[in-house]
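Subject: Structure for you to look at

Hello,

Here is the structure I said I would pass on. Please open it first, then read the notes below it.

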Amino acid sequence: MTNSNQTSQKETVTSAVNTIDIPVHSTATLAKASLVAAVIAAVVLTTAILPAEYNIDPTGIGKALGLTQIAEAASTAPATETSTSGSETVIAFEQVATVKTKEIANAPTVAQIAQARKTAGVRSDTVKIDIPAGKGLEYKLIMDEFTHLEYEWSTGGEALYFDFHGEPKGDSTGYFESFSITTSNKVKGSLTTPFAGSHGWYWKNKTNAPITVTLSTKGDYTIKG
């Protein structure tokens, strides 16, 4: 009896195991699921990812949801560069170059420079200027805007510190613009004035003896001295 009962129980368990069904999806079901997933991905791409990442909004939904503002903010944000030194991290923001519109507007054209060199009022002068020992001295010319000047000066040997600069007409702030600053015993060059005013040289004699500068100029100017 015991063996008969055990055999019957084994058959019952085996029978129960054999009745379990494993679901198998058909090819059509898988194809439908893939199609639905593709449609959902396309909708998300069109309505969310493209507007937020690239500011592309063919449906207008991204703008309505405010997603296009994210892309606009990202495109206008300043670039950053990060460098690490030891335990300290420094972030340098890239600054957008600012163009001085006024300076560009006042810059002479090639035609204006060429015309300045043909001005009827062109004159030529050669003067000798004594720079006292241990002293400084200025020599200025009064010139209009965009006026061309050619110049050459020499000491004959001893070097002088000098600042070739201009001061705008009517300015009361003390502003001046330097065109050349160095130490030399002779210089030859030219200038097309960026503004009307006085233009000329400041020489500094650092020696213990006076130095004579021989200056030759050619242009449309009035000598201020």
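In general, strands of a sheet pair through backbone hydrogen bonds, and the pairing can be parallel or antiparallel.

Where do β3 and β10 belong? Both are part of an open sheet of four strands, in the order β3-β10-β5-β8, and the pairing is antiparallel. At the edges are β3 (123–131) and β8 (186–192), each of which pairs on one side only. On average, neighbouring strands of this sheet are turned by 15° against each other, direction ignored.

Next, look at H148 in strand β5, which covers residues 148–154. Is H148 buried or exposed? H148 counts as buried because its relative accessible area is 6%, under the 20% cut-off. Its side chain makes a polar contact, at 3.2 Å, with the side chain of T192.

Last, the confidence. The protein has a mean pLDDT of 75, with 65% of its residues at 70 or more. Over residues 10–17 the pLDDT is below 50, and this stretch has zero contacts in the model beyond near neighbours in sequence. Residues 77–104 also stay under 50, and there the model has 19 contacts beyond four places in sequence. Where pLDDT is low, the predicted coordinates should not be read in detail.

Regards

Notes:
Residues numbered from 1 in each chain as written. Predicted model: local features only at pLDDT ≥ 70, side-chain atom pairs only at ≥ 80, totals over all residues. Heavy atoms only, no water. pLDDT = per-residue confidence, 0-100. Contact = heavy atoms within 4.5 Å. Pairing = 2+ DSSP bridges. Helix = DSSP H or I, 4+ residues; strand = E, 2+ residues; numbered from the N terminus. Axes fitted to C-alpha atoms, helices over the stretch in contact; angles between N-to-C directions. Buried < 20%, exposed > 50% of the residue type's maximum accessible area, 1.4 Å probe, protein only. Polar contact = N/O pair within 3.5 Å; in protein donor to acceptor, adjacent residues only side chain to side chain.
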